[in-house]
Amino acid sequence: MSVSRPAAVIVLAAGEGTRMKSRLPKVLHEICGRSMLGHVLAAADGLGPERTMVVVGHGREQVTQHLKDTAPQVGTALQEQQNGTGHAVRMAVEELKTQGVAPTGTVVLAYGDTPLLRAETLSDLVAAHEAAGNAVTVLSAKVPDPTGYGRVVRDAEGAFTEIVEHADATEEQRAVDEINSGMYAFDGALLADVVNRLSTDNAKGEEYITDAVAILRGDGHRVDAAIARDWVEIQGVNDRVQLAEARRLLNDRLLTALMREGVTVVDPATTWVDAEVRVGRDTVIEPQTQLKGRTTIGEGAHVGPGALLTDTTLGDDAVVCHAVANEAQIGAGASVGPYAYLRPGAVLEATTKVGTFVEVKNSTVGEGSKVPHLTYVGDADIGTGVNIGASSVFVNYDGVNKHRTIIGDHARTGSDNMFVAPVKVGDGAYTGAGTVVREDVPPGALAVSAGSQRNIEGWVRRKRPGTSAAEAARRADEDDQRR
């Protein structure tokens, strides 16, 4: 069934969340690469609403800034005093009116601390709401343990009659496993009216949006409940334990989706991916691997074990093992690790190799080139078909400024080289072992900087008498004399 575009989605995110015991507002705590609020907004965005309004209160400066950075199209309404959910919705409706928007279509109400909520569930809610012509439709769920939740009560024919809070429920009603999630689809015009009729005649003296259901039903309007397909989606997160549980559930959901699209995940229990990660088919993800941010991996790649990739692009058939990459680009067929570190700006072109204990920063390694061992490459451009010798350092910093090093195509550099930038090694050039390259090397030239070796005979026995080295040297001298 096609679903009309909702007039608005209102997301309540004004609460303090004291049980999180955090300086950070509850809804901004991260789960799988997004804030909890970000996940809810992603679900809401799937409906294509005309307006999305987030009600802010506690920590509003942080929440508002977060929205500016991540969802600038979303509006905010301020709930200065947290006087209940009904009051929060009224603040959102009044803000919409201030902007000249009178919601006359469907208005969806959600909460900023339900990161497992999916767009499909909200779409089902809206479809059920509009198909039945309801004034309000409650999103309900059947849960294993309904203790503490408001129960959805139905008559003998299964029609919705009321919501009864746990404390007020009879024993028979407490046996009901269908609960109120607190999320709703409203007729916008009726919502704009009913939020002005909510009472504070309750123990907390607050306005509850739950009361709107009874008011609308009392007015003779049609009210119903739509059951969510998966009850875990409606769970709110109130403390760090529930945050970890939600992260595990969401991670499992993301990994399942990848596996169904042709990705092999060897050990889902130790593999973590963020919501915006994309992985091509026939890629293998080994244990103890984390894919974070907007990391994108091509087809047939092999990642892990023990890889951490953040905002990194990995080409088809590339291999990354026991390595860390942050904002890097790794070309098709490239090999990285074990124990390599790619920092922002590292670009490895196709079929390159960056090996053990190599660090690359703000540098390009050309197609087919190799940096196999124990090397730091910073602020450099390495051409195609190059081999960089072990234990080399691209000396890019003079204490004030950074400078670049250029290595030409098919150059061969010796082990333990220092490239003191700015410097250029020409195409096809060689450098000797231990060379400190301070000046440009012409194409096809050999650069060496070490002087001739000089041996000082007997130095150890004279200068280090009594040491094990001196004793070993003495024995060797005596052996030579006996021969």
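Between domain 1 and domain 2 the count is one salt bridge, a salt bridge being a side-chain nitrogen of Lys or Arg within 4 Å of a carboxyl oxygen of Asp or Glu. Before we look around that spot, please keep in mind that this is a predicted model, in which local features need pLDDT of at least 70 and side-chain atom pairs count only at pLDDT 80 or more, while totals for chains, interfaces and linings use all residues. Residues are numbered from 1 along each chain as its sequence is written, and side-chain values use heavy atoms, with hydrogens and water left out.

Let us start with the two domains. Domain 1 covers residues 8-234 and domain 2 covers residues 264-447; such bounds come from an automatic or database domain assignment. Taken over C-alpha atoms, their centres are 49 Å apart. Where they meet, five residues of domain 1 are in contact with four residues of domain 2, contact meaning heavy atoms within 4.5 Å. About 330 Å² is buried between domain 1 and domain 2, and carbon and sulfur atoms give 49% of this area. Cys 32, Gly 33 and Arg 34 supply 89% of what domain 1 buries against domain 2, more than any other three residues. Buried area here is the accessible area (1.4 Å probe) that two parts lose on being put together, summed over both.

Arg 34 also forms a salt bridge with Glu 276, with their closest N and O atoms 3.6 Å apart. Glu 276 has another salt bridge to follow: its side chain meets that of Arg 294 at 2.7 Å, N to O. This pair links distant parts of the chain, 18 residues apart, with Glu 276 in the loop between β13 (272-273) and β14 (278-279) and Arg 294 in the loop between β16 (290-292) and β17 (296-297). The strands (E, at least two residues) and helices (H or I, at least four) are DSSP runs, numbered from the N terminus. Glu 276 is partly exposed at 26% relative accessible area, whereas Arg 294, at 60%, counts as exposed. The cut-offs are under 20% for buried, over 50% for exposed and in between for partly exposed (1.4 Å probe, protein chains only).

Salt bridges turn up elsewhere too, and the count comes to 25. One of them joins the side chains of Arg 474 and Glu 471 at 2.3 Å, N to O. These two are separated by about one helical turn, because they sit three residues apart in helix α10 (residues 468-482). Both ends are partly exposed: Arg 474 has a relative accessible area of 25%, and Glu 471 has 31%. Another stop is a network of salt bridges that links Lys 361, Asp 379, Asp 381 and Arg 404.

Our last stop is His 87, which has its place in helix α3 (residues 85-98). Is His 87 buried or exposed? With a relative accessible area of 9%, His 87 is buried. Leaving aside residues up to four places away in sequence, His 87 touches Gln 79, Gln 81 and Glu 207. A polar atom of the His 87 side chain lies 3.5 Å from the backbone oxygen of Gln 81.

For a name from a record, an unreviewed UniProt entry lists residues 9-156 as "domain: MobA-like NTP transferase"; such annotations may be inferred rather than shown by experiment. In the model, this span is 33% helix and 24% strand, and its end C-alpha atoms lie 33 Å apart.

How values were computed
Polar contact = N/O pair within 3.5 Å; in protein donor to acceptor, adjacent residues only side chain to side chain.
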